[in-house]
Amino acid sequence: MTRIVVSMGSNLGDRLARLQSVVDGLGAWVRAVSPVYETDPWGGVDQGPFLNAVLIADDPACDGHGWLRRAQALERAADRTRGQRWGPRTLDVDLVACYDDGGNEVLSRDDGLTLPHPLAHLRAFVMVPWLAIDPDAELTVAGEKRPVSRLLAELEPADRSGVRRTDLVLTTPASGC
């Protein structure tokens, strides 16, 4: 596998530093990082707003399970505890989609790894940042490859408007800024 789309979010503590820890943790594998968005909580739990972003990383030596282990290690480093479903969190790192050497989307339903992420197509806070760095992104939903822009357009206007771009910036090793 060579390419991964990662969604990250935080609504506890220094939210921006938590997102930056993911970019730093993936380091030289990072190819693109979206702008940072503030988003309303998703899932019906009363809590503060999240900062969210998406990044694309590339490591030909890493498969889906390897990316999952990396994501979970980044969450542990941020003292992530798994408590209330869709509740507040220091850091949430989700694998949205993976692509093999030929650019084909990898589908997985085994060993705790579900690809693509089963709820990504319902989450504006994933699709808006993703489209900011990959306007031609596609995602397989119910066995059909669909443009992410179309999936986003199908969401309720309130879901889309709940994703607000900020002036905050995540720095990558290549950008240095």
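Author: What follows goes through helix packing, then cavities, then the backbone. This is a predicted model, in which local features need pLDDT of at least 70, side-chain atom pairs count only at pLDDT 80 or more, and totals for chains, interfaces and linings use all residues. Residues are numbered from 1 along each chain as its sequence is written, and side-chain values use heavy atoms, with hydrogens and water left out.

Reader: At what angle do the axes of α1 and α2 cross?

Author: Two packed helices are described by the angle between their axes and the distance between the axes. Helices are DSSP runs of H or I with at least four residues, and strands are runs of E with at least two, numbered from the N terminus. Axes are lines fitted to C-alpha atoms, for helices over the stretch in contact, with angles from 0 to 180 degrees between N-to-C directions. Here α1 (residues 15–26) and α2 (residues 64–77) cross at roughly 135°, and their axes come within 10 Å. The two helices are therefore oblique to each other (under 35 degrees is roughly parallel, over 145 roughly antiparallel, 65 to 115 roughly perpendicular, the rest oblique).

Reader: Which residues of α1 and α2 meet?

Author: Contact means heavy atoms within 4.5 Å. From α1, Ser 21, Val 22, Gly 25 and Leu 26 meet Trp 67, Arg 70 and Leu 74 of α2. These contact residues divide into 4 nonpolar, 2 polar and 1 charged (Ala, Val, Leu, Ile, Met, Phe, Trp, Tyr, Cys and Pro are nonpolar; Asp, Glu, Lys and Arg charged; the others, Gly among them, polar).

Reader: How many cavities of 30 Å³ or more does the search find?

Author: A cavity is a set of points on a 1 Å grid over the protein atoms alone where a 1.4 Å probe fits but cannot get out, and lining residues have an atom within 4 Å of a point. The search of the whole structure finds 2 of 30 Å³ or more. The lining of the largest cavity includes Ser 7, Asp 94, His 117 and Arg 123, and divides into 5 nonpolar, 2 polar and 2 charged residues. In the second largest cavity, the lining has 7 nonpolar, no polar and 1 charged residue. Its largest share, 4 residues, comes from α2. Trp 67, Arg 70 and Leu 74 are among the lining residues of the second largest cavity.

Reader: Where is Pro 116 found, and is the peptide bond from Leu 115 cis or trans?

Author: Pro 116 is in the loop between β7 (113–115) and α3. The bond from Leu 115 to Pro 116 is cis, with omega near -5°.

Key:
On a 1 Å grid over the protein atoms alone, a cavity is a set of points where a 1.4 Å probe fits but cannot get out, and a pocket is an open set with protein on both sides within 12 Å along at least five of seven lines; lining residues have an atom within 4 Å of a point. Grid points are joined across faces, edges and corners, and a volume is the space filled by probe spheres set on the points.
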